[in-house]
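Subject: Structure for your files, with notes on salt bridges

Hello,

Please read them alongside the coordinates.

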Amino acid sequence: IEENSKIKIDIDKIDFDDVKTYDMISAGDTLAVFQFESDGMQEYLKRLKPSNLEELTAMNALYRPGPMDNIPDFIERKNGRQNIEYLHPLMEKVLKTTYGIIVYQEQVMQLVQVIADFSLGQADILRRAMGKKQIAYMDKMKPLFVQGASQHNIDEKLALEIFDLIYKFADYGFNKSHSLAYSYLAFQTAWLKAHYPTEFLASVMTSLLNDQNQIVALIDEAKKFNIKVVPPDINKSTANFFGSGKTIFFGMAGIKNVGVAAVNKIVEARSNKPFTSIFDFIER
């Protein structure tokens, strides 16, 4: 954006509670937003209406084969249309931020610590064993889990039920630290689009100069923001797309078979004096 429009932005000072950004995300207008641009993700975001980074992080982790099945329940619980239930009250402090649904690998480790007093090392080994379906090791750890749970007055039947629930999710639980880093960058991207849509979309178009289909999709996206993309102009356009106000000027290098080097020569010849005719242009 700095290169294309000369607007300087301190990305580290972005407000992660910015309502305008969450409103845009909740409307599903996330084309070109890192991690959130697929049609399926846009639809889920419209239903979820996220209002904080925690919910974006959970959605990022859930939108993968396996945990994707839990997205509808996550959305219903978040919006108060489905009761949030826990097999045992001790589980609430681990699963409260994800509305009672196990989403992350870290939660698997925390649950076996909280329920059965496993050490952090034991918890991580059990998580890996569950993920890799190492039955022999899990059979060895299950009695220890039941024994540890009994210290919290949890009977064997409930302890085994909790163990089976954890096992079910451990197979595809995503790493929260990874998902949070992705969502942090995704929000920064969304913030730029929400506050500087013209410059943002022009920059994305420039990054996709040779992808005509993507550029067409981005031109349609610009219309949603009441931004007009004007055709290439020999006296105004540069190699790249660039934005000003509510207008994006089509980059001449985005024209099929027109390279960046050729356009740079045109811009150099044009300097600050417009071409007056096709003959003037060819001569210069």
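K193 is buried, with a relative accessible area of 0% (buried means under 20% relative accessible area, exposed over 50%, partly exposed in between, with a 1.4 Å probe and protein chains only). Its salt-bridge partner is E221, at 2.6 Å from N to O; a salt bridge here is a side-chain nitrogen of Lys or Arg within 4 Å of a carboxyl oxygen of Asp or Glu. The two residues are 28 apart and link distant parts of the chain, E221 being in helix α13 and K193 in helix α11 (residues 176–195). Helices are DSSP runs of H or I, at least four residues, numbered from the N terminus. E221 is also buried, at 4% relative accessibility.

This is a predicted model, in which local features need pLDDT of at least 70 and side-chain atom pairs count only at pLDDT 80 or more, while totals for chains, interfaces and linings use all residues. Residues are numbered from 1 along each chain as its sequence is written, and side-chain values use heavy atoms, leaving out hydrogens and water.

K224 and D29 form another salt bridge, with the closest N and O atoms 3.8 Å apart. K224 lies in α13 (212–224) and D29 in the loop between α2 (19–26) and α3 (39–48), so the pair ties together parts 195 residues apart in sequence. K224 is exposed, at 51%. D29, K193, E221 and K224 are linked in a network of salt bridges.

D124 and R128 also pair, at 3.6 Å from N to O. Both lie in helix α8 (residues 120–131), 4 residues apart, about one turn of the helix. D124 is partly exposed at 21%, and R128 is partly exposed at 42%.

The whole structure has 12 salt bridges.

Regards
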